[in-house]
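Please keep the sequence and the model at hand while reading.

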Amino acid sequence: MTRPPRTAAWRTLLHDGRSLATLAVPLALTQLAQVALTTTDTVVMGLMGAEALAAGGLALVIFNQLRTMGVGLVTAVGNQVAAAAARAESAATEAVRREAGEEVRDLLRAALVLATLAGAAGAVLMVLLGHVVGLLGQDAGVVAAARPVLLALAPGLVPCLWFQAVRQFTVGMRRPRALLRITLASVAVNAALDWGLVHGTWYLPELGLPGIGVATSLVHLLSFLALYAATRRDPELAALLDGGVPRVWRTRAAPLRRLTALGTPIAATYGSEAGFFLVVALIAGTFGEAALAAHTAVNQCVYVVFQIAVGLSHAASLHVSRALALGAVDAARRVRTTALVCAAAVTTAVGTVYVLAPGLVLRPFLGPAGSTAGALATELLLVAAVLQIVDCAQNIGVGLLRGLDDTRGGFHVTLVGYWLVGLPAAWLLARPARLGTTGVWLGLLTGLTVTALLLLRRYGRGLALRAAAAPLPITG
């Protein structure tokens with residue numbers, strides 16, 4: 001009996017899916033564990049009342065804006081390390097393998113330098129933004145309560161970016177196992193510190209809402225130290241750590257320039273997306289405390305699911321980098337389909353829960369006292385059920401372009417999709433159309449949909465150009 005003509009295609013899709021999942025699952029779980037940090041923060045804020053949730057949410061939005069841009073600067077190191085590792089694995093001589101190893105060392109040093117500079121600059125800017133945001137139509141009480149939280153969050157930005165630099169190094173080498181264990185431990189530590197520093201339990205000082213910022217900064221520092229220690233214990237990774245401590249003073253100009261050239265557009269892309277969400281949060285805030293609280297709660301729900309897409313995006317990006325380093329353009333093309341199918345399956349399942357059980361989804365964020373905010377958040381969840389599908393698709397598109405080293409393309413597309421389409425749509429639907437916060441989210445949906453379509457189209461065109469110019473794939 002002849003097999004149906006599509007059987008071979010499905011077998012290939014399943015094989016590619018398993019290969020992608022090998023890296024994507026631990027990365028997605030790590031991302032979910034990481035977002036549990038901010039989710040824990042949000043839950044503790046919600047228990048303190050709607051005003052604390054609004055103020056803390058505003059501080060976290062600003063922190064995430066700067067953190068995200070800093071992460072973008074060092075994200076390219078994972079792709080560059082993956083490509084160097086692929087060349088080393090296929091090398092015919094020891095000299096080529098040694099050269100690839102030195103390239104990885106140079107990339108790690110450059111990433112740590114960039115992380116330090118970006119973290120220091122971002123910490124200063126975070127404090128300044130705490131004073132400027134009051135001029136943007138936000139509730140004065142909310143802004144006043146957010147400032148001390150920002151002061152407490154600022155010192156944690158440098159170790160947060162150090163962690164990300166080392167993380168990209170381990171992921172590029174396809175050895176991310178320690179990441180999940182460390183991140184899970186950090187969630188437990190963060191929850192304990194949140195509660196202890198807010199309420200003054202376990203001999204800790206009672207700091208109130210700013211205690212959440214202090215806890216987050218401490219957890220970022222401890223997470224970096226734990227990841228670095230785990231990396232030193234891994235024989236394969238430790239061999240690339242300059243005898244245990246990266247000699248950042250030996251950072252060469254060439255890899256630093258290369259990472260900066262690749263990372264700056266990624267930072268701008270991430271910043272463009274985070275900035276888009278920040279401005280949208282500010283628009284939501286102009287409708288009052290309840291609107292901002294509802295926006296914060298639903299945005300956190302979407303942010304949780306988005307981490308699965310981040311894991312898929314990183315894994316797909318690294319697979320593309322490795323495939324193109326070996327000249328396998330067809331494999332790079334299949335990565336796109338596999339990642340999108342996986343993302344669509346997960347987001348559709350979660351969206352169904354949003355629609356059928358909104359009260360269950362929102363209960364951790366909005367208690368009985370937040371009835372007005374809760375009713376509005378329930379309405380926003382209906383939009384979020386669709387929004388998160390295209391949000392995941394656009395994030396995967398950014399990762400695919402990064403695998404092509406087309407980091408500028410992602411930035412240009414986000415400028416169009418977010419700022420020229422999404423933001424005007426959010427304002428028009430919220431204000432002239434009088435749809436309020438729901439209109440803001442419909443504008444978000446419009447911008448993310450356009451962005452996803454443009455990114456995926458650009459990736460397809462980029463692969464076509466690579467296919468036309470590619471040498472025969474390396475098979476041995």
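Helices α2 (50-89) and α3 (94-132) each supply at least two residues of the lining of the second largest pocket. Helices here are DSSP runs (H or I, at least four residues), numbered from the N terminus, as are strands (E, at least two). On a 1 Å grid over the protein atoms alone, a pocket is an open set of points where a 1.4 Å probe fits, with protein on both sides within 12 Å along at least five of seven lines; lining residues have an atom within 4 Å of a point.

The model is predicted, and local features need pLDDT of at least 70, side-chain atom pairs count only at pLDDT 80 or more, and totals for chains, interfaces and linings use all residues. Residues are numbered from 1 along each chain as its sequence is written, and side-chain values use heavy atoms, with hydrogens and water left out.

The volume of the second largest pocket is about 320 Å³, a volume being the space filled by probe spheres set on the grid points, which are joined across faces, edges and corners. Of its 17 lining residues, Ala-88, Gly-101, Met-173, Glu-236 and Leu-240 lie nearest the centre. Helix α3 provides the largest share of this lining, six residues. By class, the lining comprises eight nonpolar, two polar and seven charged residues; Ala, Val, Leu, Ile, Met, Phe, Trp, Tyr, Cys and Pro count as nonpolar, Asp, Glu, Lys and Arg as charged, and the others, Gly among them, as polar.

Helix α3 also contains Glu-103. This residue counts as buried because its relative accessible area is 18%, the limit for buried being under 20%, with exposed over 50% and partly exposed in between (1.4 Å probe, protein chains only). Beyond residues up to four places away in sequence, Glu-103 touches Ala-84, Arg-87 and Arg-258, where contact means heavy atoms within 4.5 Å. The side chains of Glu-103 and Arg-258 make a polar contact at 3.2 Å; such a contact is a pair of N or O atoms within 3.5 Å, of which, within protein, one must be able to donate a hydrogen and the other to accept it, and residues adjacent in sequence count only if both atoms are side-chain atoms.

The largest pocket holds about 460 Å³ of space. Elements giving two or more residues to its lining are α1 (7-47), α10 (289-325) and α11 (329-356).

Helix α11 is also the place of Ala-332, a buried residue with a relative accessible area of 0%. Leaving aside residues up to four places away in sequence, Ala-332 touches Val-320, Ala-323, Leu-324, Tyr-459 and Leu-463.
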